[in-house]
Amino acid sequence: MISRRTFTAAALALGFGQRCALAQSYAGMNSSAEGFATVVPGRLFSFPADLGPHPDYRIEWWYVTANLTDATGKAYGSQWTLFRLALKPGAPQQGWAYQQIWMGHAAVTRADLHRFSATFARGGVGQAGVDANPFHAWIDSWDMRGIDGMDAMKIAPLALSASGKDFSYALRLDADHALVLQGDAGYSRKSEHEQASYYYSQPFFKAAGRLTIDDKPVEVTGLAWMDREWSSQPLAPDQSGWDWLALHLKTGEKLMLYRIRQTDGRNYRTGNWISADGKPQQIPPAGIRMTPTATTEIGTRKLPTTWRIEIPAHGMAIECTALNAKSWMGIRSSPYWEGPINFSGSHAGVGYLEMTGY
Amino acid sequence: MTGVGWILTVLLSHWRRHPMQLATLLIGLISATALWSGVQALNQQARTSYDRAAATFGGARVPMLVARRGTSLPQQIFVDLRRAGWPVSPMLEGRLQIGGRSYRLLGIEPITLPVEVGAAAAIGKTDLQSFIIPPGQTLVAPETLSELDLPEGATPEASDGTRLPPLRKVPQMAPGVLVVDIGIAQNLLHRPNEISRLLVGKAKGPQARLESVAGDRLRLVPADSETDLERLTDSFHLNLTAFGLLSFFVGLFIVNSAVGLAFEQRLPMLRTLRACGVSARKLNVMLVLELVTLALLAGLIGLVFGYLIAAALLPDVAASLRGLYGAEIPGELTLKPQWWFAGLAISVIGALVAATASLLKAMRLSVLAIAQPQAWKQAQRRWLLLQAAGAAAVFAAAALLFWFGASLLSGFAVLAALLLGAALILPAMLEMVLSLGQRSTRQALATWFWADSRQQLSGLSVALRALFLALAVNVGVGTMVETFSHTFASWLDGRLAADVYINAADNTQADDIKAWLRLRPEVQAILPNARAETQLDGAPIEIVGLADHSTYRDHWALLQSVANAWARLRPGEAGFVSEQLARRLNLKLGDRIELPAPGGIWTLEVVGIYADYGNPKGEVTVNIAALLRHFPAIPQTRMGLRVAPAQIPALMTALQTRYGLNGRNLVDQATLKADLMGIFNRTFAVTAALNAFTLGVAGIALLTSLLTLANSRLPQLAPLWAIGITRRHLASIELLKTMSVALITTLLALPLGLCVAWCLIAIVNVKAFGWRLPFAVFPLQLMELVAVAMLAALAAALVPAIKLARMQPASLIKIFADER
């Protein structure tokens with residue numbers, strides 16, 4: 001899953017690059033990371049400090065997706081993402097000389113529509129940033145902040161808001177379980193080599209709030225998932241993209257899965273089965289089968305928007321279907337697919353699917 | 001050979017027998033296309049540079065938020081607005097002295113910069129990281145790089161000792177502007193956490209009310225569809241275009257007469273072709289085809305000439321635009337493919353329009369019709385009446401436009417209507433003069449002279465009209481330019497009252513120089529002055545601070561002023577405004593203006609209005625001490641000196657050696673005056689050149705008309721020869737006739753030209769530049785023009801006259817043999 005964000009960041013940065021001449025060498029997440037801190041196993045996490053930014057590492061993100069329904073049972077999805085990208089290693093400079101750039105993405109999805117927005121900011125002057133304590137992440141008017149004496153281990157409660165030209169939302173996120181360290185105690189491998197990231201999640205959010213599309217507000221409730229990840233070189237040069245899933249099972253269990261596609265046709269697969277009380281259990285690559293079963297054409301691209309997922313060790317065999325097969329984040333030159341899904345079969349529930357590199 | 005081939009051969013054989021006619025046709029088309037495309041190329045070149053300038057100025061194309069009071073804003077307001085949903089991008093602007101020259105420094109924030117600004121593309125090609133992270137980069141136009149005489153990557157030093165980031169050449173940038181990251185600009189200008197304005201991008205979502213974020217500190221300036229430069233220079237381009245059009249029409253007159261004659265002469269041939277069984281349709285298609293081919297050929301040649309004309313005029317156009325509007329136009333001509341297509345198209349369309357009448361005639365040609373001599377007099381009478389009625393209508397339209405129009409465009413429309421009406425009424429007026437002449441004579445030959453002149457009118461009228469219009473415009477523009485040049489010269493005399501001008505590198509050096517000068521006995525007065533830039537009513541203006549000294553009181557002429565105006569400046573609560581500014585904001589004596597200054601609003605009472613020719617910006621003049629109180633940060637490096645004339649060279653040499661001042665920052669009055677006059681002479685050099693071209697084309701039109709008429713007039717002349725008038729005598733009568741018609745035309749053109757001049761001075765100049773000149777007539781110049789026109793007419797009439805004088809008697813006898 002780490003790679004998913006990573007790649008998104010890469011893609012975003014690339015698009016950003018086209019807009020602002022960010023050289024591809026800095027945008028490409030699979031390029032070398034000289035001068036930046038490297039991700040090594042055995043790091044001790046500490047909260048709330050690790051809610052904040054880690055400027056020694058090249059990229060980092062705060063990523064929240066939510067599966068929501070209104071009073072009539074109609075399904076929605078929402079996305080809130082803040083990326084940090086360091087242009088140059090070294091201690092952070094003051095003011096405009098600060099060498100970090102921020103990017104925000106927000107989206108809402110319904111079966112019949114998908115709206116998204118993107119924004120960019122320099123760090124150092126207050127237009128965007130993240131404070132660990134009290135927790136506050138922001139870019140322009142988009143906001144995520146701890147409220148009501150937030151519990152750092154639960155990262156809750158949170159107030160989350162974003163808006164675009166024709167949509168906006170404001171959600172309150174509560175959680176009754178602590179955050180979960182992914183991979184090996186937060187060390188998440190991204191390839192068979194040393195590509196890796198630090199990665200933790202809060203998959204237990206309950207969301208409630210208001211979503212407005214075309215000036216029509218609707219009250220919604222549902223489940224949300226936060227990913228926090230940072231690294232300096234999370235992708236190997238031969239890795240081209242990934243398919244990533246975050247699933248809320250009806251049983252209260254959570255499942256995170258990804259496969260990183262390699263140019264040699266092989267995939268690097270990883271999964272994490274999280275029990276309803278928050279105990280993670282790594283799933284080895286051989287124990288995961290991810291099979292695309294149908295594709296959707298978006299422009300000239302073909303994306304697998306329905307998947308068959310099998311994890312024999314947990315007796316899982318499910319079919320995943322996108323709520324809206326056209327959940328396309330058409331951000332200039334760094335487009336990707338990200339949207340809510342439903343699944344049924346041995347298990348049922350909702351979740352989010354992200355596909356990049358298509 | 002196919003039928004089509006035969007028809008073509010027959011048609012083209014005409015041109016082989018009449019090469020002069022072919023030449024005339026081609027010359028007409030070539031000159032029309034050349035002048036038109038030349039002017040278009042100049043306009044295109046200038047517009048491209050404005051786009052370039054706009055790309056870096058980033059001003060007018062997007063809405064802006066500016067300070068309601070003062071000249072800068074705290075940076076925090078940018079963050080606050082972004083946090084409230086406003087898609088704003090900060091910009092800091094200031095001036096930086098490098099090597100004694102002042103540059104405009106623009107600090108931008110490339111990441112939030114709205115895409116619509118256009119600079120994003122220019123920045124986009126550079127590496128974002130190296131642009132924003134110190135040391136950063138200084139983006140400059142290639143012209144600026146060569147002006148600084150530095151290679152890419154050099155780090156020039158500003159006058160205060162700070163070093164600029166490495167220079168980087170960006171071809172799309174405007175000359176004279178340095179673009180750096182906003183953070184770097186804040187350091188270079190010593191304005192930490194300050195911004196000049198905020199550019200507003202397209203809304204991406206709901207945004208809070210402006211007042212709820214920034215109180216009443218900000219004012220929203222809406223976007224302009226045009227840039228400042230485009231708006232400012234519109235008049236100049238309209239001017240050029242008007243001349244291009246005029247020349248084009250004069251060229252078409254030539255084509256019209258050549259095509260008309262060729263068709264007339266080919267009528268028997270066409271009839272024969274029709275009689276041989278060629279369908280009317282086929283014949284017409286062939287005629288059009290022939291014309292289009294000729295037009296394309298001429299168009300290509302015309303484009304080459306157009307390019308040459310544009311290339312020759314470009315330096316003057318560039319100088320004019322720089323002098324008048326501060327617009328930087330690169331000196332190298334670049335043309336788009338559209339220009340070539342447009343040029344060819346205009347040639348073909350022009351040829352077809354000019355030939356419409358002839359083509360229609362050929363189309364309706366009846367196989368059996370024979371050449372019937374028309375009852376010309378009756379036809380001509382009706383024709384004259386019709387045109388006079390048309391002229392009356394056009395004059396009425398001009399009067400209406402004059403009363404109700406307010407824009408520059410309506411000014412030009414008045415001019416166009418005036419010229420069109422005059423052109424229409426010209427034959428009627430000539431007819432009137434000629435019939436007066438005819439009535440006043442008894443002698444047979446003289447009566448014939450006048451009557452024949454009248455009969456010739458319809459044939460010559462097109463060429464005469466060309467001459468008439470060209471002359472009128474020449475008189476008009478000539479008078480305007482002369483008026484301007486006189487007014488400007490006497491205005492400069494008053495304005496440049498000091499004898500030596502110094503602009504020191506910095507305040508310390510200025511203080512040193514002043515201290516040193518005070519000890520020099522030949523220096524009668526040191527007059528420090530200073531300039532500040534601010535905005536008034538959304539447009540940039542300059543505030544000039546002058547010392548309180550008799551030099552200014554005695555020399556600086558005020559167009560309007562209250563009593564004791566100069567003394568009123570002293571307390572710092574009153575100022576003079578330039579004529580342009582007064583006109584734009586409709587300011588009168590006693591009105592109050594509010595100038596944003598760093599410390600807050602500075603309210604001034606208008607106590608005087610002065611002429612400020614050639615300044616694109618509005619200007620306010622105040623007492624220097626008051627200016628420095630309100631703008632404490634401006635450099636105090638400028639000063640003027642009153643020096644005994646004999647001592648000037650020695651003093652300047654001393655200043656040069658002692659302080660290393662050069663021609664840029666040390667100049668005497670005479671040199672400065674010459675420079676300024678040079679700029680303003682060049683301003684109208686283009687107008688003068690186009691004027692000359694137009695007159696030349698009109699001369700050609702007259703020549704070709706006479707040449708084509710010469711042949712058709714033989715039936716009229718042969719009987720006179722037969723009754724005993726010698727060829728030589730006939731030729732001199734012909735020459736005299738042409739000259740007298742030309743003279744009458746020229747004399748009629750003079751009053752029209754003065755009307756044109758008045759329109760230019762009282763309507764066009766005021767709208768275009770914001771100043772009104774006193775109207776004056778220059779008789780010498782008018783006489784010169786009459787002489788030039790007569791020379792042109794003589795040159796044109798001489799060839800056919802000589803031909804007639806040397807004509808073989810056999811040719812004349814043949815007239816009686818032909819049935820025609």
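User: How many residues of chain B are in contact with chain A?
Analyst: This is a predicted model, in which local features need pLDDT of at least 70, side-chain atom pairs count only at pLDDT 80 or more, and totals for chains, interfaces and linings use all residues. Residues are numbered from 1 along each chain as its sequence is written, and chains are lettered from A and ligands numbered from 1 in the order in which they are written. Two residues are in contact if their C-beta atoms, placed from the backbone, lie within 7 Å. On the chain A side 27 residues take part, and the number for chain B is 25.

User: Which element gives the most to the side of chain B that touches chain A?
Analyst: Helices (DSSP runs of H or I, at least four residues) and strands (E, at least two) are numbered from the N terminus. The elements giving two or more residues to this side are α3 (76-83), α4 (119-124), α5 (128-132) and α7 (182-188) of chain B. With three residues, the element that gives the most is α3(B).

User: Is A:Ile155 buried or exposed?
Analyst: A:Ile155 is a residue other than glycine with a positive phi, near 50 degrees, and lies in the loop between β7 (142-151) and β8 (156-163) of chain A. A residue is buried if 20 or more other C-beta atoms, placed from the backbone, lie within 10 Å of its own, exposed if 12 or fewer, and partly exposed in between. Because A:Ile155 has 27 C-beta neighbours inside 10 Å, it counts as buried.

User: Is B:Asn564 buried or exposed?
Analyst: B:Asn564 is not a glycine, yet has a positive phi of about 60 degrees. Its place is the loop between β14 (560-561) and α17 (565-569) of chain B. Since B:Asn564 has 9 C-beta neighbours inside 10 Å, it counts as exposed.
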